[in-house]
Structures are given as C-alpha cells and as structure tokens.
Amino acid sequence: MNETIALCRGLVPKGGLLIHLVRTGSHAYGTNTPQSDSDYRGIFLPAPSDLLGLHHCRHVEQKDPDVVLKGLDEFVRLALLANPNILEQLFIDDENFLGEEGYFALFREHRKLFLSQLARRTYTGYAWGQLQKMQAGHTRDLGAKRKELIERFGFDTKNCSHVFRLIMQGRHLLETGELRVRLGPAEVAQLKSIRSGELFKTLSEARYAAEQEIRKIESVKSPLPEEPDRERIEALVVATQRDWVRER
C-alpha cells in the first residue's frame with residue numbers, strides 16, 4: 001500500500017500536494033472478489049504558482065493501477081453537484097481510507113454540508129445511464145471480460161450490479177440523510193448474484209426490476225436539504241487554498 005501512496009504522490013503536478021487518498025470501487029462497496037482490481041481516487045492542491053496563475057491542472061489519471069486525482073476546487077465543484085463517485089470519497093470506510101494531509105481534515109469533518117436532495121437526480125441519473133449501458137449490443141469500447149458477460153448472459157451483468165448498487169446507496173442516502181459506501185451483507189450478496197447472472201435470467205427481467213426501484217427513489221421523502229451549504233463549503237475552499245499559498 002505504501003508503494004501505491006508513493007505512486008499517487010508522484011502523479012501530482014510538480015509543486016502540488018496530495019491531500020486525500022482512498023481506495024474506491026468494489027473494495028469500498030464490499031463486493032470485491034479475489035479477481036477485483038483496485039481503484040484509487042485522490043485530491044490534491046496544485047502548486048501555488050499554478051493555483052494563482054494560468055496553468056492550473058485539475059485532473060490527473062492513469063491506468064494499471066486505476067488512479068484518478070482531482071484538484072481541490074474541481075473535486076468540490078463536482079461534490080456540490082452530488083456526483084455519486086465524488087461524494088463517496090468523503091464517506092469511505094476506514095479500511096479504504098489511505099490518508100490525508102491536514103489541509104483536507106476540515107472537509108471530512110464537515111462532509112455532511114455536501115449532502116442534499118440533488119442526490120435524487122444524480123443517483124437516479126447514473127442508474128438510468130448504467131441501465132442503458134448494460135443492454136446487449138452495447139459492446140463498443142468494452143474490455144474482453146465485459147463482452148464475455150454480454151455474450152454469456154445477453155446483457156452486461158456487471159453494469160446491472162452497478163445499477164442496483166446505485167439504487168441501494170441513493171435510496172439509503174435520501175431516506176436517512178446518511179451516505180453509506182460499504183453495503184450490508186444482504187445487499188452485497190444480492191449484487192454478487194446479479195453480477196454472476198443468477199438473480200436475473202434475461203435483460204427484460206433485469207430492466208423491469210431496475211426501473212421499478214429507480215422510480216421509488218424518485219418519490220421517496222428525504223430529511224436532506226434541497227441544496228448543499230455552498231456558502232460554508234466555499235469558505236472552506238478559500239481558507240484552505242489561502243493557507244496553502246501562505247505556507248508555501
């Protein structure tokens with residue numbers, strides 16, 4: 001793991017600082033198998049000269065291992081829009097939390113400021129998107145393993161499991177006001193049965209079940225505010241970047 005952290009630090013643009021790093025994907029959800037790859041997501045502060053100048057890099061990524069790093073301002077912008085892949089980085093469990101610098105501590109402490117009913121639109125939107133991708137015939141740009149799933153089952157069962165994982169997380173978030181990344185044992189078992197092709201035998205059966213569950217999310221009552229607390233979050237961003245520039 002230390003090698004992975006060192007690798008991610010090395011991907012940060014020159015003069016910048018990696019301030020938050022987590023392992024995401026199936027390991028974070030609890031659905032991983034011995035064959036599962038590890039995905040890493042991080043946040044960095046760019047060099048002060050980049051932050052104040054014209055060449056601010058906001059996104060860095062590489063494959064094998066799969067690493068995506070975002071500048072703090074880009075991360076916050078997407079989190080305010082309730083992007084599911086971004087929000088989960090704030091709520092990752094301890095096992096998959098790989099560390100952070102003090103600059104990000106306040107964001108984790110006040111992470112609930114980012115939660116809002118905008119999640120209703122984003123979680124259902126992502127689920128609908130994955131639902132479209134799982135259909136037979138959508139094999140362009142897919143890897144060999146995903147094509148094999150479509151050929152074997154008639155639809156992409158991995159995408160199907162993503163649909164229901166988003167449904168589970170989105171519904172729990174809206175109903176309770178709590179974002180839960182790691183799923184419970186029963187939910188993990190259900191997702192694995194979807195992925196293995198055991199639960200749904202046909203595309204139409206999977207589609208029908210998913211559509212019914214997505215529509216339930218669209219109408220669920222929620223204790224969450226309509227919008228995130230943008231003012232307080234922006235104050236955190238300003239204070240953090242100001243301290244970073246001063247201390248450098």
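**From one serine to the whole chain**

In this predicted model, Ser116 sits in the loop between helix H6 (105-109) and helix H7 (118-133). With a relative accessibility of 2%, Ser116 counts as buried, because the term covers residues under 20% relative accessible area. Leaving aside residues up to four places away in sequence, Ser116 is in contact with Leu224, Pro225, Glu226, Glu227 and Pro228.

Seen as a whole, the chain has a secondary structure of 12 helices and 5 strands. Its radius of gyration is 19 Å, close to the 18 Å that the globule rule gives for 248 residues, so the chain is as compact as a globular protein of that length. Along the principal axes, the C-alpha atoms fill a box of roughly 60 × 40 × 30 Å. Of the 248 residues in the chain, 51% are buried, and among the contacts with a separation of 6 or more, 74% are between residues 24 or more positions apart. The accessible surface of the chain comes to about 12600 Å², and carbon and sulfur atoms contribute 49% of that area.

How many positive and negative side chains does the chain have? There are 36 positive and 35 negative ones, and the centres of the two sets lie 3 Å apart. Side chains of opposite charge can pair when their charged atoms come close, and a search of the whole structure finds 14 salt bridges.

One of these joins Asp73 to Arg58, with the closest N and O atoms 3.2 Å apart. Asp73 belongs to helix H4 (residues 72-80), while Arg58 lies in the loop between helix H3 (48-52) and strand E3 (59-62), so the pair ties together parts that are 15 residues apart in sequence. Asp73 is partly exposed at a relative accessible area of 22%, and Arg58 is partly exposed at 37%.

In another salt bridge, the side chains of Asp66 and Lys63 meet at 3.5 Å, N to O. Here Asp66 is buried, with a relative accessible area of 18%, whereas Lys63 is exposed, with 59%.

Glu213 and Arg171 also form a salt bridge, their closest N and O atoms being 3.6 Å apart. This pair links distant parts of the chain, since Glu213 is in helix H11 (residues 203-219) and Arg171 is in helix H9 (residues 157-176), 42 residues apart. Glu213 is partly exposed, with a relative accessible area of 22%, and Arg171 is partly exposed, with 29%. Both residues belong to a network of salt bridges that links Arg171, Glu175, Glu213 and Lys216.

Methods:
Residues are numbered from 1 along each chain as its sequence is written. This is a predicted model: local features need pLDDT of at least 70, side-chain atom pairs count only at pLDDT 80 or more; totals for chains, interfaces and linings use all residues. Side-chain values use heavy atoms; hydrogens and water are left out. Helices (H or I, at least four residues) and strands (E, at least two) are DSSP runs, numbered from the N terminus. Buried means under 20% relative accessible area, exposed over 50%, partly exposed in between (1.4 Å probe, protein chains only). Contact means heavy atoms within 4.5 Å. The radius of gyration is taken over C-alpha atoms; the globule rule is 2.2 Å times the number of residues to the power 0.38. Accessible areas come from the Shrake-Rupley method with a 1.4 Å probe; for residues, only the protein chains shown count as cover. Lys and Arg count as positive and Asp and Glu as negative; His and the chain ends are not counted. The place of a charge is taken as NZ of Lys, CZ of Arg, CG of Asp or CD of Glu. A salt bridge is a side-chain nitrogen of Lys or Arg within 4 Å of a carboxyl oxygen of Asp or Glu.
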